[in-house]
Structure formats: C-alpha cells, structure tokens
Amino acid sequence: MLSIQMNQVGEPDVLKLTNLSLPSIGENDVAIQLSFAGVNPADSYIRQGGYKFFSPTLPYTPGFDGAGIITEIGKNVTHFKPGDRVFVAATLAPYHTGTYAEQMICHVDGVRHLPQQVSFEEGASLGIPGTAAFRALFQRGNLQKEDVVLIHGASGGVGTLALQMAKQTGAFVIGTAGTKEGMAKVKQNGADLVFNHNEDHYLDKIPPVDLVLEMLANVNLEKDLALINRYGRIVVIGNRGSLDFNPRLAMEKEADILGMAVWNASEPDYLNSLDAIEKLLANGVLKPEIGAIYPLTEASQAQYDSLHTSGIGKILLKMD
C-alpha cells in the first residue's frame with residue numbers, strides 16, 4: 001500500500017511517499033481501506049518535532065482522521081463487520097498506523113459508523129475538529145442551553161462543528177470569521193450574530209457572553225475577559241504566542257480560563273465525544289465544511305497550507 005512516512009522531524013519535505021505492507025490486525029483492531037484522510041495543524045506540529053502532546057516513534061505515518069470501509073475485523077470486534085462505512089478519530093486509540101495511507105489498522109475504540117448520507121470527505125473531517133469542538137463546549141466549557149456563546153474563527157474546522165453543536169443545544173451563538181465568504185458560511189450554519197474579526201473594534205459590537213471558544217488566545221484573551229459575564233468561561237483551543245495581561249480581570253468576573261487539548265481527554269471522555277459525534281451525524285446535525293483536497297502524493301503541500309492559508313473548511317488527502 002502507498003503511505004506517507006517520515007524518518008526524521010523537520011520541514012514538510014521529510015514526508016516521503018513509501019510502499020509499505022499493512023501489519024496484521026490485533027484482536028481488538030479493524031483494518032480500513034481509506035478514501036480520505038484529514039490534515040490538521042497538529043500533524044505539522046508533530047512533524048516539526050517538540051510537540052509536547054505527542055511524540056511519535058520513527059519511522060512514523062502521520063494522520064489521526066480518516067474515513068473509508070472496513071476490510072477485516074479482529075476476533076473480539078462485534079459491532080463492526082467488513083464492508084461497514086466508518087470514520088476514524090484515533091487521537092487516543094491505543095494503536096493505529098496513521099491515516100496518511102491507503103490502508104490502516106486502528107483499535108476499534110477509535111472508529112465509529114459513518115451514516116450512508118454522510119460522504120467519506122465529511123467523515124474524514126471529523127476526528128480532531130469534532131472531538132475538540134465537543135470537548136471544548138461540553139467537557140471543559142460546561143455549555144448550558146441558555147448560554148450566550150462566542151466562537152472565534154467559526155468558519156474553521158473546529159469552529160464550524162462547535163457552532164452546529166452549540167445551536168443544537170439551544171444556545172445563542174455568536175461567530176466570527178475573517179472574510180465575507182467565511183461570514184456567510186457562519187450565518188448559513190446557524191449563528192445568531194456574525195462579525196468580521198479583521199475589522200477594527202469588532203469586539204465592541206458584541207454583547208456580553210457566558211462562554212468563549214478561543215482559537216488565538218495570544219491576541220484575544222484579554223479582550224475576552226472584558227467581554228464575558230460574571231462567572232464566564234473561556235476555553236483556550238488555540239494559541240500562537242505569549243501575552244502580558246492583568247490577572248485582576250479574571251478576578252473581577254470570577255472567570256474561568258480553561259485550557260483544552262484533545263490529547264488530555266480521559267478514555268471515558270474520549271469515547272463519549274466519539275459516541276456523541278456519531279449520534280449527531282446520524283441526526284443530521286453535523287455538516288463538516290470541506291476545504292482543499294490534495295492527492296496523497298502532495299501531503300507535504302497539504303500540511304504546509306494547513307498552517308499558512310486561511311481557506312474555509314478542512315484540508316483533506318485523497319487516496320487514489
């Protein structure tokens with residue numbers, strides 16, 4: 001099978017197309033013929049080395065997200081069969097071989113059914129973005145149906161799914177995006193208010209909120225603290241630098257600033273998030289936004305663009 005493999009950390013050119021043999025499956029594993037793999041910024045951080053959340057053993061095939069068809073099951077697997085359509089979200093699964101490949105082995109805990117009406121492209125867009133959105137909203141942010149929620153970057157992979165999840169609970173959702181196209185997508189996904197986060201003083205127009213999902217904390221955290229209601233919560237999903245602010249802002253509101261990383265989820269929280277995503281998919285709540293699609297041979301470019309472009313939707317790799 002064709003697979004992307006890295007033998008050292010470094011720039012995107014360390015990702016090499018390789019012909020590998022698929023290992024034998026274990027008792028609790030499934031083998032999957034992949035159609036698409038999701039590309040996440042975290043994949044690039046791992047490739048660069050020094051990512052505290054995950055240090056791979058080299059040689060390493062990247063990728064945690066994917067979708068395809070099961071071709072073989074281990075003897076202890078009872079709720080899947082060959083031919084089943086599935087999506088993969090293998091961030092905490094005990095064993096998987098990476099989704100940047102035509103085939104993979106994954107522990108059954110990291111696999112869920114993909115409804116017939118959901119495309120493989122959409123299925124490959126769910127893993128890290130979906131579990132991050134669910135964890136941020138419910139496991140860390142304690143979202144309540146009466147809450148007013150601000151989602152920074154609501155046109156991105158995590159933001160889109162978080163918006164759909166929050167609206168499903170009945171919350172009042174405010175979303176931001178950086179372009180007219182992005183703002184239109186945010187409105188289309190059900191946001192009650194939409195703002196352009198590239199406009200000066202846009203935060204001055206936003207009413208007080210109870211929960212903030214923060215994608216760029218080094219830019220927005222101090223402003224978020226001024227914006228939230230008393231006892232409000234800010235969940236930090238993304239950050240690209242340091243900042244200097246007065247902690248008294250948190251004291252005045254008795255605000256909670258909560259970090260979030262899917263890698264830190266307990267096994268019950270991890271499984272709960274995948275079960276919830278599977279159910280929301282079946283009910284038609286989740287509709288992932290698909291971005292640029294690259295052939296597997298262009299994995300290096302896909303990773304580079306995932307960090308350096310601001311296109312709408314999830315970047316994918318397509319298996320030939």
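Reply: Start with Y45. Its relative accessibility is 27%, so Y45 counts as partly exposed. Buried means under 20% relative accessible area, exposed means over 50%, and partly exposed lies in between (1.4 Å probe, protein chains only). This is a predicted model: local features need pLDDT of at least 70, side-chain atom pairs count only at pLDDT 80 or more, and totals for chains, interfaces and linings use all residues. Residues are numbered from 1 along each chain as its sequence is written, and side-chain values use heavy atoms, with hydrogens and water left out.

Me: What makes Y51 buried or exposed?
Reply: Y51 has 16% relative accessibility, so it counts as buried.

Me: Why is the pair of Y45 and Y51 called tilted?
Reply: Rings of Phe, Tyr and Trp (its six-membered ring) pair if their centres lie within 6.5 Å; planes under 30 degrees apart count as stacked, over 60 as edge-to-face and the rest as tilted. The ring centres of Y45 and Y51 are 5.7 Å apart and their planes meet at 45°, so this pair is tilted. F54 and Y60 also form a tilted pair, at 5.9 Å centre to centre and 45° between the planes.

Me: How do you know whether F54 and Y60 are buried or partly exposed?
Reply: F54 has a relative accessible area of 22%, so it is partly exposed. Y60 is at 10% relative accessibility and therefore counts as buried.

Me: Which residues do ring pairs link into a cluster?
Reply: The cluster holds Y45, Y51, F53, F54, Y60, F64 and W263. The count of aromatic pairs comes to 8.

Me: Why is α3 called oblique to α4?
Reply: Helix α3 (residues 127–140) and helix α4 (residues 157–169) pack at about 45°, with axes 8 Å apart. That angle makes α3 oblique to α4. Angles under 35 degrees count as roughly parallel, over 145 as roughly antiparallel, 65 to 115 as roughly perpendicular and the rest as oblique. The crossing of α3 past α4 is right-handed. Contact residues include F134 and L137 of α3 and L161 and M165 of α4. The contact of α3 with α4 has 11 nonpolar, 3 polar and no charged residues.

Me: What makes α3 and α8 roughly perpendicular?
Reply: The axes of α3 and helix α8 (residues 267–282) cross at roughly 110° and come within 9 Å. The two helices are therefore roughly perpendicular to each other. Among the residues that meet are R135 in α3 and D269 in α8. The contact of α3 with α8 divides into 4 nonpolar, 5 polar and 2 charged residues.

Methods
Axes fitted to C-alpha atoms, helices over the stretch in contact; angles between N-to-C directions. Helix = DSSP H or I, 4+ residues; strand = E, 2+ residues; numbered from the N terminus. Left-handed = near helix turned anticlockwise from the far one by under 90°. Contact = heavy atoms within 4.5 Å. Nonpolar A, V, L, I, M, F, W, Y, C, P; charged D, E, K, R; others polar.
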